[in-house]
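How do the chains of a multi-chain model touch one another? Take a look at the structure, and then walk through it chain by chain.

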Amino acid sequence: MSKHHVTTTINGEPTEFLCETQQTLLDTLRDVLGLTGSKEGCASGDCGACTVIMDGRLMCSCLILGVEAEGKSITTVEGIADGDHLHPVQQKFLEHAALQCGFCTPGFIVAAKALLDENPNPTETEARYWLAGNLCRCTGYDKIIRAVMDAAAEMRGETVG
Amino acid sequence: MPTLNYAAPSTVDEAVKLLAGSSGLAKVLSGGTDLLVQLRSGRLKPELIVDTKKIPGIIGIREEGGGFVIGAATPGAMVEAHAGMNKAWPGVVEALDLIGSTQIQGRCSLAGNLCNASPAADSVPALYAAGAIAVVVGGKGRREVPVEQIPTAPGRTSLAKDEFILEFKLPPRPPRSSDAYLRFIPRTEMDIAVVGVGISVTLDEKGVCTAARLGLGAVAPTVLLVEDAADALIGHTLDDATLAKLDGVARAVCNPIDDKRGTIVYRTKVAGVLARRVAAIAFDRAMGKLQGKTH
Amino acid sequence: MNYVPSDLKVVGTRPVRPDGVDKVTGRAQFGADMVMAGMLWGKVKRSPHAHARIVSIDASKALKLPGVRAVVTAADFPDIASEEAFVGEGPMNFRDLSRNCMARDKALYEGHAVAAVAAISQAIADQALDRIDVKYEVLPHVIDVEAAMADDAPVLHDDLFTGGVEPKPTKPSNIAKRVYFKKGDIDAGFEQADVIVEGRYTTEPVHQAYIEPHACLCFYGADGQSTIFSSSQGQFMVRSYVAKLLGMDIANIRATAAEIGGGFGGKTLVYLEPLALALSKKTGRPVKMQMTREEVFRASGPTSGATMEVKLGAKKDGTIVAAQHVLKYQAGAFPGSPIQPGCMCGFAMYDIPNVEVTGYDVVSNRPKVAAYRAPGAPIASFAVECAMDDLARKLGKDPIALREQNGARNGTKTHYGPTHQNIGFLATLEAAKSSAHWKSPLKPGQGRGIATGFWFNIGGESCASVHVAEDGSVSAVSGSPDIGGSRASIGMMVAEVLQVPAERVRTIVGDTSTIGFTHVTGGSRVTFATGMAATMAAEKVVEQLKARAAMIWEITPDAVDWRDGAAHPAGTNAGAFDPLSLSDIALKAARTGGPITSEVSVNAQGAGPGFGVHICDVEVDKETGHVTIVRYTAVQDVGRAIHPSYVEGQIQGGAAQGIGWALNEEYIYDKNGKMDNAGFLDYRVPVASDLPLIETIMVEVPNPRHPFGARGVGEVPIVPPMAAVGNAIRDAIGLRMASLPMSPPKVRAALDVANGDD
Amino acid sequence: MPKVVISGSSCQRFTGGKSEFEVAATTFRRLVLELEQRFPGLGKQVEDSMAVAIDGEIYQDAYAAVLKPESEIYLIPKIGGG
């Protein structure tokens with residue numbers, strides 16, 4: 001079978017690509033489209049470094065076939081900021097030093113954005129469970145959780161001391 | 001190397017034909033959260049992947065005849081967001097909610113969880129307890145099968161080569177009925193169940209159990225429907241003696257293995273512990289004493 | 001020069017790191033993100049056996065596959081003679097490193113590389129692996145450390161004879177080395193003791209589990225001049241190791257540090273780079289390789305598992321008079337466990353007159369261990385700090401008070417020789433004792449434990465340069481890959497010296513051809529040693545700036561002061577001139593002598609020892625054995641926090657890794673010596689919902705050897721957690737869990753035994 | 001004369017088990033040369049794989065370090081990190 005021709009939308013841009021059946025969405029993002037912000041940490045859905053939003057749902061792009069992107073709308077880490085204007089989650093990750101090596105960061109940014117889209121006022125426990133599919137080995141999660149909670153507060157328009 | 005083909009049929013008939021016509025291994029793709037891992041690891045080398053998600057009705061939840069019909073490929077997140085399901089079947093919902101991460105929830109389906117035929121699948125004990133019916137379609141037409149008749153052994157199901165599950169039916173709920181699911185894992189998320197217990201009960205006004213089903217996961221080659229649990233519960237309130245009996249019944253049916261996730265001894269003990277705990281939650285829910293998530 | 005804390009304007013603040021925006025937007029380029037025109041994909045064929053002789057390797061079928069360009073085996077690499085060298089992270093034998101990268105004669109563990117292939121796509125490379133026919137003669141294997149020490153154990157290396165014993169053994173053994181330290185008279189010490197506690201402890205190997213798998217892109221040029229782009233803790237390490245393993249001149253390799261997705265010690269050596277460069281040499285094309293997660297677990301270094309015995313003797317008043325420690329560390333398939341530092345660290349926190357420590361470095365059929373945060377110390381301290389807790393209970397003493405009474409202070413002579421100087425252990429204990437956490441009550445059923453930890457924090461070779469651009473903005477070049485924010489800390493120190501805002505300084509990591517040799521980013525040495533070099537380079541730039549200003553003003557450089565980022569006349573005698581800012585001077589650089597720039601190399605001597613005290617509260621589900629960490633506080637002497645957020649982050653991250661080590665992380669083997677949990681599903685690192693916020697208390701006892709007083713901070717925080725958690729569990733359930741991980745089945749089993757319900 | 005102590009067992013094979021001795025030297029470089037002369041192999045071993053603590057201060061590479069007559073020098077294993 002020849003390659004599949006896939007027509008999709010990535011970060012708001014109409015996109016076409018060719019892929020083989022066994023190539024995951026992560027493979028096609030990274031190796032075909034050059035969108036290397038999504039990372040491969042495990043290729044088994046256990047680390048969350050490849051997290052994307054597809055048709056409004058948070059997913060691991062390593063657990064989606066590239067061909068399944070047909071007709072979908074996908075947001076990757078490259079599509080979170082509005083041009084040069086960082087999303088509050090990104091800004092708070094910087095301010096709170098919520099990253100050390102930065103490898104898991106793209107997945108956390110996408111997952112945290114999806115959390116706040118769905119639940120603008122999460123408790124710390126809700127944030128921790130929502131983000132449990134994103135592994136970070138550097139930070140112990142402390143500053144990540146603080147950054148997410150602070151971003152939530154800012155997006156709700158609350159002033160934070 | 002054999003080429004891996006992919007098809008996304010838009011009708012049941014087309015899908016059945018593709019499955020029937022495949023010369024090698026053909027796999028049905030719904031959420032893909034198990035299938036893609038198996039593909040990547042090389043454990044499975046199918047010739048054809050049939051993506052069923054374009055078949056009308058295979059994603060979605062509808063109320064029908066007082067019960068619920070859940071499309072086979074409906075992602076967990078969609079079930080979790082369904083108010084009616086949360087009210088009627090909180091145990092099924094929490095079982096689905098425990099499968100993997102938020103990201104997995106966006107994809108994982110009841111059909112995939114059942115047909116992967118892992119004894120440790122989280123939603124399966126809850127489906128067994130619920131008395132769910134799988135609507136199976138295939139070359140010989142459509143048939144309705146109790147879910148506990150689908151898995152036959154680890155990784156094996158009773159489905160024919162050209163069959164797949166289209167949807168699940170959950171029966172109407174009598175008054176004072178509820179369900180619950182608990183599993184034990186070493187961490188708080190992301191692990192495969194060491195033991196999983198789903199229970200569904202109906203009580204009378206005094207809190208005496210009139211109907212009960214208990215599904216037990218990860219303690220035998222397939223998920224078990226524990227008939228003796230019903231005997232232990234029916235006709236009783238959830239007093240200490242009943243709980244002790246339930247604990248004993250759950251332990252008695254265990255036939256687990258020693259592996260990286262737990263030992264025989266440990267799994268057996270925890271099965272009893274969780275049976276007691278999950279029963280307490282379901283009884284409280286049935287009597288209206290407990291609402292919402294327990295984790 | 002040393003800087004006065006009260007004068008600091010940049011050091012101690014929390015600016016956004018220079019590489020931050022790229023990392024939150026997905027633009028940062030990690031090891032696997034780089035591509036080159038004409039690039040091939042490399043993959044590794046690995047041994048399915050724990051121990052096997054390689055009878056033959058036939059790659060002919062693989063090479064016939066369209067798209068396959070080359071296969072390499074050990075025959076493509078020089079056979080290097082055994083030679084011990086010390087290369088930054090610990091002893092390194094290049095013969096062993098070569099044979100770890102590619103098995104020669106024998107496969108020594110499941111996952112050991114036996115061949116590598118380059119092909120035009122990943123899928124074809126994968127297919128080619130299946131077509132490489134390797135014939136093995138399977139040999140008996142041994143996994144566990146004490147089994148490997150037995151007389152009748154299968155021997156991994158028939159030329160390995162136990163070192164450190166006299167007379168030299170005549171029979172080969174899996175015991176690579178015996179290490180022995182003693183102070184005072186151990187027998188006399190125990191004779192004086194009123195109270196003795198003894199324990200036997202075991203730990204399992206745990207992996208660094210960085211989220212980024214190893215990855216590289218290598219290109220062997222037509223004349224041998226080669227480039228390597230890879231994720232590692234040291235581009236200079238990669239360059240010199242690859243040169244050694246391939247028999248190349250070091251200067252023929254230009255190695256660039258990709259952004260690195262975590263290392264923790266595990267990326268202080270090479271696995272893929274020599275294979276990729278050898279494949280590139282054979283094909284004339286760039287070759288990219290990246291490990292799968294499974295390969296990371298099976299074939300890259302975890303740290304040792306161990307079996308230990310500890311015996312402590314004390315007077316009734318709590319004075320510890322004797323301490324004995326026996327440590328048996330798994331090294332993996334080649335010698336080189338962190339047994340030496342393990343033997344040194346266990347008792348380094350204490351002033352004990354009579355000490356005896358015996359260690360064994362033992363090979364077995366597991367992946368060769370690699371450094372992991374404070375290598376060796378967490379294992380040793382798990383045993384010692386559990387025993388200290390038992391001793392405190394037996395004496396009826398508060399565990400912090402017992403440690404204060406016997407704690408090391410300035411002038412304490414360690415059992416391995418050096419005398420502690422400028423240390424903050426007692427201050428750290430005091431801060432723990434005064435913490436809100438320590439003073440807070442426990443809820444019913446909860447338990448609290450404390451434990452302490454030590455690491456040396458050495459310096460070593462580093463280079464840094466500082467360049468003033470024409471507009472007065474500043475670039476700093478560091479030789480150290482930045483894993484956890486060191487570009488920020490280095491830039492801040494440079495900004496502090498130049499008296500400009502942190503944002504005015506842009507720090508980059510230089511490749512091996514643009515900056516001088518710098519040891520790996522490891523042992524928490526970067527802010528200390530590379531920071532020292534950068535500070536000195538900035539100071540030299542200030543001298544130049546003053547000289548340039550003096551030239552402009554026609555006065556002597558002595559008459560120029562540098563403050564607030566500008567040259568000022570030193571006093572009224574110097575003349576009345578308007579200040580000249582960095583930009584003013586930079587603009588005139590051509591006319592005053594050319595570019596303003598400085599590079600400094602140092603070999604930083606002296607250690608800045610760090611101490612930590614961790615407090616942990618747990619709840620134990622007695623029916624399932626599940627342990628929940630309900631509160632956690634880490635107290636540490638950090639010298640001076642350059643960027644406090646990243647210091648806190650190091651402490652929190654180390655504590656979290658230690659909690660994982662304590663509760664769930666372990667290598668699980670089947671009876672055939674194959675790893676049974678090589679993935680993040682069953683190798684259970686802590687997830688966000690497993691942990692509470694981790695409170696940090698930074699104690700600042702300045703390190704006089706560093707211009708700003710910094711100490712390394714990244715090693716210490718992984719040392720105390722295992723015992724802190726274990727002591728908390730002991731407090732909660734009354735049982736000593738002496739075997740890591742303290743996983744639910746083990747806790748439940750211990751409770752059952754205690755209840756007679758076995 | 002500066003006193004040299006071998007900490008641990010790593011070097012004692014060169015000294016016939018002796019772990020403490022005095023060496024006439026005013027710099028560490030001179031000390032290494034003296035050790036090599038007195039116990040062949042020891043000087044090289046110290047250079048290649050040992051660190052030293054001179055009056056408490058740890059040096060990994062210490063040629064230039066000055067020794068005082070009352071100095072105490074411990075030969076210890078080199079220290080790395082993670």
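This is a predicted model: local features need pLDDT of at least 70, side-chain atom pairs count only at pLDDT 80 or more; totals for chains, interfaces and linings use all residues.

Residues are numbered from 1 along each chain as its sequence is written, while chains are lettered from A and ligands numbered from 1 in the order in which they are written.

Start with the chain pairs. Two residues are in contact if their C-beta atoms, placed from the backbone, lie within 7 Å. Some chains do not meet. Chains A and D have no contact, and their closest C-alpha atoms are 13 Å apart. Chains B and D have none either, with 26 Å between their closest C-alpha atoms.

Now look at chains A and C. Here 44 residues of chain A are in contact with 44 residues of chain C. Which elements of chain A give two or more residues to this side? They are helices H2 (88–95), H3 (105–118), H4 (124–130) and H5 (142–155) of chain A. H2(A) gives the most, with four residues. Helices (H or I, at least four residues) and strands (E, at least two) are DSSP runs, numbered from the N terminus. By class, this side of chain A has 23 nonpolar, 11 polar and 10 charged residues. Ala, Val, Leu, Ile, Met, Phe, Trp, Tyr, Cys and Pro count as nonpolar, Asp, Glu, Lys and Arg as charged, and the others, Gly among them, as polar.

Move on to chains C and D. Their contact takes 39 residues from chain C and 25 residues from chain D. On the chain C side, strand E4 (84–86), strand E9 (175–183) and helix H10 (339–345) of chain C each give two or more residues. The largest share, four residues, comes from E9(C). This side of chain C divides into 17 nonpolar, 15 polar and seven charged residues.

Finally, go inside chain A. Chain A is divided into domain 1 (4–79) and domain 2 (88–155). Such bounds come from an automatic or database domain assignment. The C-alpha centres of the two domains of chain A lie 21 Å apart. In chain A, 13 residues of domain 1 are in contact with 11 residues of domain 2. Strand E3 (residues 51–54) of chain A gives the largest share of the domain 1 side, three residues. That side has seven nonpolar, five polar and one charged residues.
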